[in-house]
Amino acid sequence: MTNNRLYGPLSDVSGDAGYPGDHPERVGFFTDTSVCIGCKACEVACKEWNGLPDPVAGDLTLTGMSYDNTGALGANSWRHVAFIEDTVPAPAPADGGDLLSLVADADSDGDGDGGTTRWLMASDVCKHCTHAACLDVCPTGALVRTEFGTVIVQPDVCNGCAYCVSACPFGVIDRREDDGRAWKCTMCYDRLRGDLEPACAKACPTDSIQFGPLDELRAIAQTRLDELHQAGNTEARLYGEDPDDGVGGTGAFFLLLDEPEVYGLPPDPVVTTRDLPAMWRRAGAAAAVLAAGVAVAFAGRRS
Amino acid sequence: MKRAGEVGGGAEQEMVPEAEFRSYYGRPILKLPRWKAPHLPAYLYLGGLSGASAVMGAAAAVTGRRALARAGRVTAAAAALGGTGFLVAELGRPERFHHMLRVAKPTSPMSMGSWLLTAHSGLSGAAAASDLTGVVPALGAAAGAAAAVTGPLVATYSAVLLADTAVPAWHEAYRELPFVFAGSALASAGAVGLAATALGSGRDRAPAARMAVLGAALEVAATYQLERGLGLTAETYQQGEAGQMMRAARWLTPAGAVAALAAGRSRAAALAAAGLLTAGAVTTRVGVFKAGPASAADPKYVIASQRNYHASK
């Protein structure tokens, strides 16, 4: 059997990274967007706890993207609440406690076309991938796997090469322009070390953000998904929970109510390192062709 | 401003009706690469030039072509030094460049490249210094021969550097990109060899010309193959700044090869070939570089590659 170091399911990420057998179990986030109310308490708690820098004056602009003025995850925003506000066909008449009737009232935008305004809110975060491309490509060892199975940047080591920025299939990690280093969510590594849950999960008033051992969260999420499906919400889906997906499953996964790209998430991300052995082979072959080309060029008799 | 969940693609009129893509207000899914021009494309060019020049220098030395050997060795050393400078300047914390040698990670092409470049710079520097000063010629020749081993790897690993990312235009091109860079590097070094022999005694121009022609042919063929294999993402090599550069290279490189064929009879043709091929290699590198951010900026390329919505033509 292959050991799945670059791709595929991996049962013990911390063990694979070299931690001894008695390391803590892998923890993660389950973000259930069906109960997110868009309060942004997670964004605020994250910035407060982690002491993230104030935005510079030019960044304080209104985006025009509903109530989302954060825009995206970045070096200084480690939680980002997305607001999707659009018009969709009115749902079929709801019978009684249909969950869809909570999401939207028929023709709620009042323009008489039977369309309805839909609101989706979702708190995005670093996925702490099983196969983390940022960690794989980091040339300095600044990005490391923790004993909790999460991925963090060591700021005293990072030299700002920005390889991780281009490698992340979720567009999460970014370089801070003023200090030149890469930053992202640590899943509150300092709090985990002190047996506390991460600040965002602690602050979430609806338990949309749940923190805990990843295995338990996956079971909770499956139960919740079944509930929603039984209530008629066929669009509900889990995102990132599958160890057989392109990144070996994520440490932070989601329950979404539409396709991932509607939330700004890649539909089927694959860790770039999956293809790395093939890339090295191609580069080796090309190097051989280069050397052979020179040999051929010099093979003729001297003029 | 696109609305959330809105269906739509790029602004350009397409011959083929575009597949429908939904997105979050049309915003990028990926972060745009932080690497910038001219630093990164300059490094790609100089790394290729250095690598292939080292091989040229060693081959010329073995076959007794002194002038061409010196041109190859000096170019290899100078280009390695210049390329390294561009890489360091690209860092967010340049004063920490030595952190690159904290670890050796096979999963990080940049880590492997740092070690490779360190070895190659040292070897090619020693070979050039010995050649120029005449000090310890045996050691210089040995260093030059070793640089002929690191050289081809320096020239092609940078393709892996780009391809080992989530950026569609770079990652999806991982099969062809090393060959584009190998061809481009051969042509670059051939161009320097042509210029050096044309400006010098004029002897030994033929092997440099053959390198140039072979390199140009490989660069053109591999670039063609690259664009053919990309589906929708090929657009990013055909439009915008990247498109301008790739189109320019499509004329410059073959024109340089034609001039190189005439280089044996004409000094002017040799110099023209050197100029055209260098311009072709540089524009190819800039084009490849610029296609990356273009493919990360529009979420449709990420979605298309992941959902296999490849345009039919």
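This is a predicted model: local features need pLDDT of at least 70, side-chain atom pairs count only at pLDDT 80 or more; totals for chains, interfaces and linings use all residues.
Q: What makes the secondary structure of chain B helical, and what pattern does chain B follow along the sequence?
A: Counting DSSP runs of at least four residues as helices, chain B has 11 helices and zero strands. Read along the sequence, its pattern is α-α-α-α-α-α-α-α-α-α-α.

Q: Why is chain B called as compact as a globular protein of its length?
A: For 313 residues the globule rule gives 20 Å, and the radius of gyration of chain B is 21 Å, close to that value; chain B is therefore as compact as a globular protein of that length. Along the principal axes, its C-alpha atoms fill a box of roughly 70 × 50 × 25 Å.

Q: What share of the residues of chain B count as buried?
A: A residue is buried if 20 or more other C-beta atoms lie within 10 Å of its own; 63% of the 313 residues of chain B count as buried.

Q: How do you know that chain B touches chain A, and which helix supplies the largest share of that side?
A: Contact requires C-beta atoms within 7 Å, and 68 residues of chain B are in contact with 62 residues of chain A. Helices of chain B that each supply at least two residues of this side include H1 (39-62), H3 (109-133) and H6 (177-199). The largest share, eight residues, comes from H4(B).

Q: How do the residues of the side of chain B that touches chain A divide into nonpolar, polar and charged?
A: They comprise 41 nonpolar, 14 polar and 13 charged residues.

Notes:
Residues are numbered from 1 along each chain as its sequence is written. Chains are lettered from A and ligands numbered from 1 in the order in which they are written. The radius of gyration is taken over C-alpha atoms; the globule rule is 2.2 Å times the number of residues to the power 0.38. A residue is buried if 20 or more other C-beta atoms lie within 10 Å of its own, exposed if 12 or fewer, and partly exposed in between; C-beta atoms are placed from the backbone. Two residues are in contact if their C-beta atoms, placed from the backbone, lie within 7 Å. Ala, Val, Leu, Ile, Met, Phe, Trp, Tyr, Cys and Pro count as nonpolar, Asp, Glu, Lys and Arg as charged, and the others, Gly among them, as polar.
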